[in-house]
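Welcome! Please take a moment to look over the sequence and the 3D view, and then read on for a short tour.

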Amino acid sequence: MNLDFATSAKAENPAELNDLEIAHVAYSADNIDIKYAHLALALSDNPDVRAFAQTMIRDHEAVNKAALELLDKLGAQAQDNFLSQTLNKNSEKIITDLAALRGAEFDRAYAANELAYHKAVNELVEHSFIPNIENEEVRALFKQGLEIFKVHEGHAEMMVKKLK
Ligand SMILES: [Fe+2]
């Protein structure tokens, strides 16, 4: 786990979140990757980076739409929690740092962040969320999402190598 989630409080263990909190973390994580992608489209001229960013926007918007539809069907609302807040806070600093870069420097930093971010979130989804989700339909949606996000991780890894 690469993100700074670690805290001593038991209440702040990702594995102890309920389904609606997990849904909120996933929704927040999707929106963060969409924000990074919009920044890349605003700042990068690199065709590979731009294509990757477009894919992130398309896929994460689609997953969030499916999640909202499922929550709606279940008559439930996602619940804000410590992990969503930590992710959002971390992303604000990353966006500030990335936004100061230009050209190849931006492209490399964006690609490295996409790789690290997908790795961390995929690990969280695979090992802390999917084994603990109680609702079958919610779990199925997370399994589908994880497959897509693993493809993103592989794609990000190639992008990092190509930009070196
Ligand atoms: Fe992604």
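## Reading the model

A residue is called buried when its relative accessible area is under 20%, exposed when that area is over 50%, and partly exposed in between (1.4 Å probe, protein chains only). This is a predicted model, in which local features need pLDDT of at least 70 and side-chain atom pairs count only at pLDDT 80 or more, while totals for chains, interfaces and linings use all residues. Residues are numbered from 1 along each chain as its sequence is written, and side-chain values use heavy atoms, leaving out hydrogens and water.

## Confidence

The pLDDT is the predictor's confidence in each residue, from 0 to 100. The protein chain has an average pLDDT of 94, and 93% of its residues score at least 70. Over residues 6-10, though, the pLDDT is below 50, and this stretch has 2 contacts in the model beyond near neighbours in sequence; a contact means heavy atoms within 4.5 Å. Where pLDDT is low, the predicted coordinates should not be read in detail.

## The annotated span

From UniProt comes the annotation "domain: DUF4142", in an unreviewed entry, for residues 19-159. UniProt positions are given here in the numbering of this model, feature names are shortened, and annotations may be inferred rather than shown by experiment. In the model, residues 19-159 are 87% helix and 0% strand, and the C-alpha atoms at the ends of the span lie 33 Å apart. Helices (H or I, at least four residues) and strands (E, at least two) are DSSP runs, numbered from the N terminus.

## A ring cluster

Let's turn to the aromatic residues. The whole structure holds 4 aromatic pairs. Rings of Phe, Tyr and Trp (its six-membered ring) pair if their centres lie within 6.5 Å; planes under 30 degrees apart count as stacked, over 60 as edge-to-face and the rest as tilted. Phe52 and Tyr110 form an edge-to-face pair because their ring planes meet at 80°, with the centres 6.2 Å apart. This pair joins distant parts of the chain, with Phe52 in helix H2 (residues 47-74) and Tyr110 in helix H4 (residues 103-129), 58 residues apart. Phe52 counts as buried because its relative accessibility is 0%.

Which residues do ring pairs link into a cluster? They are Phe52, Phe106 and Tyr110. The rings of Phe106 and Tyr110 are stacked, because their planes lie at 10° and their centres are 5.9 Å apart. Phe106 and Tyr110 are about one helical turn apart, because 4 residues separate them in helix H4. Both Phe106 and Tyr110 are buried.

## A serine in helix H1

Ser28 sits in helix H1 (residues 19-43). Is Ser28 buried or exposed? Ser28 is buried, because its relative accessible area is 6%. Not counting residues up to four places away in sequence, Ser28 touches Ser84 and Asn88.
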